Amino acid sequence: MGKTQNVLERLSSSWPGNVLNHMSVSRTINTLEGLCNQKFPSHDVVLKAYCQFEALCDTEYTYSCVICGFYPAVVVMDRHRKRVFSFDCSKLKPPEADFNGEHDVEMFWECVHLDLVSRGFFDDSSQNPFLVEPSFNNWAAWIGRNTRKSCYVLNTAHEEKVPRQNEDDEVCSVTEECLIDELKRQKVSNLRILCKSCDLDTKGSRTDLCSRLLDAVKSKQTHEKVVQFIQDALGSWSVITCPHGITYSIKFNLRQESPRDFADLLLSWEHIPNVCIYESASTLASHANQRVPDNPPFQPHKGRLAEPTEENIKAAIHQKLRVHLPWLGEKLQNPEENGHPVTGSSHHYMLCNKLHESVTADPKDELRRADLVPELQGCLSSRPVEQLFGALRKNNYFMNKMEPSTHIFLMRNIIEQKNSTLNKHLLKCGL
């Protein structure tokens, strides 16, 4: 016990910094063993002890920016598509019939903490009555206490349906572009399994397999199989960040990420940002507005910057249209009804940034381009969130091997550390 306590003390002071440099617990322990010239307990025992320690700490996961405050007026949304933990999604059972998708976020994360604390008392995790496993009715996102609307947050993954071929492209959860993109990201072994289930030839390269599947999705039956396969590729996660790169929300998806996941997050916020940047802006705006038909969150013009007239679309295409949003720089002197507390404006736009504009197929979505807004230029970039994903992707070699509850606990903890470090940098720079 004394040796475990000794290594835990060293680990608790060194690993939080090391993990930001992508060092696993096992590598940190190996380093400490070399420095101390002594043998420590097994890596698994030390990891459990460290998680117990962190779970018992009174850490406040504020998830907010020192510049933007609790309610940022502009946010960037993106997802980490890499599989982040292993779980047999066939184990997911439908929730109770009256389940409305609301999760008590405080209670859920307390259960996760109890799971990690209790593991020290059970040799076999299957015997642990406090074990938290992914489920539709008990799997909550994390949104800072001061940013979310209440202690209840939405996760309506159980309502995600396989889109039909004749569905309106604008409201379809998995578009053809998304199918192509996701198939290209799959391992060759998984593509062979999918081809076999669709009665297709399983021989050839990744390109051959993808080509066969894309040709086959013209069939209604095959289309549904491919979409279901992609949606069941459990393990992605979605984040909402401010322009400075501070993470405000994180959602560990029970199915492949879709606009529904971001709608769940935004509809759980106390104040929806005035400007949201997302690669499938039209799909998300349409989905969110349909979720709340009596008070559509993205208005005016369904979240576009201007009325989708032929004249406006042509001007946007030729880069002759400019839409000023002066309240992004200075709050309205007379705030509008239900206006955002930072800007005073009640307008909410769903836009695409420069990196994602090329995916636009509908001419009306030219009016969702962020570069049409002069006030956004110079302060809006996808680079911070891409840097976040790039950094966290370097942790995949050890994070992906963890049990789901361990993974989400440590991921939330790591992001809080990154937020804290970035906030200190922002204060130091005087931004």
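Biologist: Is the crossing of α6 and α7 left-handed or right-handed?

Modeller: The α6/α7 crossing is left-handed: the near helix is turned anticlockwise from the far one by less than a right angle, clockwise being right-handed. Contact (heavy atoms within 4.5 Å) is made by Val-188, Leu-191, Arg-192, Leu-194 and Cys-195 of α6 with Arg-206, Leu-209, Cys-210 and Leu-213 of α7. Helices (H or I, at least four residues) and strands (E, at least two) are DSSP runs, numbered from the N terminus. This is a predicted model, where local features need pLDDT of at least 70 and side-chain atom pairs pLDDT 80 or more, while totals for chains, interfaces and linings use all residues. Residues are numbered from 1 along each chain as its sequence is written, and side-chain values use heavy atoms, without hydrogens and water.

Biologist: Which residue does Lys-251 meet in a salt bridge at 2.5 Å?

Modeller: Side chains of opposite charge can pair when their charged atoms come close. Here Lys-251 and Asp-261 form a salt bridge at 2.5 Å, N to O (cut-off: Lys or Arg side-chain nitrogen within 4 Å of an Asp or Glu carboxyl oxygen). Lys-251 is in strand β6 (residues 247–252) and Asp-261 in helix α9, so the pair ties together parts ten residues apart in sequence. Lys-251 also has a salt bridge with Asp-264, at 3.8 Å.

Biologist: Is Asn-274 buried or exposed?

Modeller: Asn-274 is buried, at 0% relative accessible area (buried is under 20%, exposed over 50%, partly exposed in between; 1.4 Å probe, protein chains only). The side chain of Asn-274 reaches the backbone oxygen of Ser-345 at 3.1 Å, and a polar atom of that side chain lies 2.7 Å from the backbone oxygen of His-347.

Conventions: A polar contact is a pair of N or O atoms within 3.5 Å; within protein, one must be able to donate a hydrogen and the other to accept it, and residues adjacent in sequence count only if both atoms are side-chain atoms.
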